[in-house]
Amino acid sequence: MQNPENTHNTESNQADAADIKEEINVPGITSDATIQTGEIKDPQPSLEQLLKEAEIKSAEHHDAWMRAKAETENIRKRSQSDITNAHKYAIENFSTELLSVMDSLEAALTVENASVENFKNGIELTQKQLISVFEKFNIKVIDPTGEKFDPHQHQAMCIVDSDSAPNTVVQVMQKGYKLHDRIIRPALVSVSKAQGS
């Protein structure tokens with residue numbers, strides 16, 4: 001036998017369940033726990049919203065482009081300055097090395113009552129300093145005495161009779177010089193001529 005209170009509770013529960021079913025069937029309301037705001041979201045954003053987003057992106061791209069342009073201009077100016085300085089001061093190291101040679105020459109000229117032998121010794125030491133500077137900067141002497149004439153390195157001043165083979169450098173009138181592999185001054189030479197010509 002059922003207790004009258006239990007009967008009342010069962011009826012109450014059934015009535016509550018019936019009310020819930022009715023609530024579930026109400027159009028526009030779902031049974032999930034989310035709160036309905038009544039707004040219906042448009043799956044596509046409005047044209048105004050799209051335009052605003054496009055304007056923001058455009059402003060960002062324009063700003064990035066302006067920064068890149070400014071950076072490129074700064075790099076160009078810095079490179080131009082570096083090139084100008086490289087041309088202007090290209091021989092700075094060489095010039096610094098030559099200063100010691102100049103100092104030696106000036107010291108030789110300030111000596112009073114120097115003998116010819118002292119001057120000769122001083123000039124030889126100064127020449128050794130200069131040769132050392134030339135070696136340091138890859139300036140090589142072209143002294144082709146007894147070698148075959150090479151028009152790329154030698155400049156023939158005259159042709160002379162000689163017992164040497166034809167086109168042989170007989171005498172060097174002025175030594176030549178080359179920087180690395182580039183001739184900066186050809187050697188001035190006299191060349192032997194062919195026999196019978």
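Select S192 first, and look at its side chain, which reaches the backbone oxygen of A165 at 2.5 Å, a polar contact in the sense of a pair of N or O atoms within 3.5 Å, where one must be able to donate a hydrogen and the other to accept it, and where residues adjacent in sequence count only if both atoms are side-chain atoms. This is a predicted model, in which local features need pLDDT of at least 70 and side-chain atom pairs count only at pLDDT 80 or more, while totals for chains, interfaces and linings use all residues. Residues are numbered from 1 along each chain as its sequence is written, and side-chain values use heavy atoms, with hydrogens and water left out.

Stay on S192, which is buried with a relative accessible area of 1%; buried means under 20% (1.4 Å probe, protein chains only). Leaving aside residues up to four places away in sequence, S192 touches several residues, among them I159, V160, P166 and V170, where contact means heavy atoms within 4.5 Å. S192 lies in strand 6, residues 187–192, a strand being a DSSP run of E with at least two residues, numbered from the N terminus.

Next, select strand 1 (139–142) and strand 5 (182–185), the edge strands, each of which pairs on one side only. They belong to an open sheet of three strands in the order 1-4-5, with antiparallel pairing; two strands pair if DSSP finds at least two bridges between them.

Technical notes: Helix = DSSP H or I, 4+ residues; strand = E, 2+ residues; numbered from the N terminus. Buried < 20%, exposed > 50% of the residue type's maximum accessible area, 1.4 Å probe, protein only.
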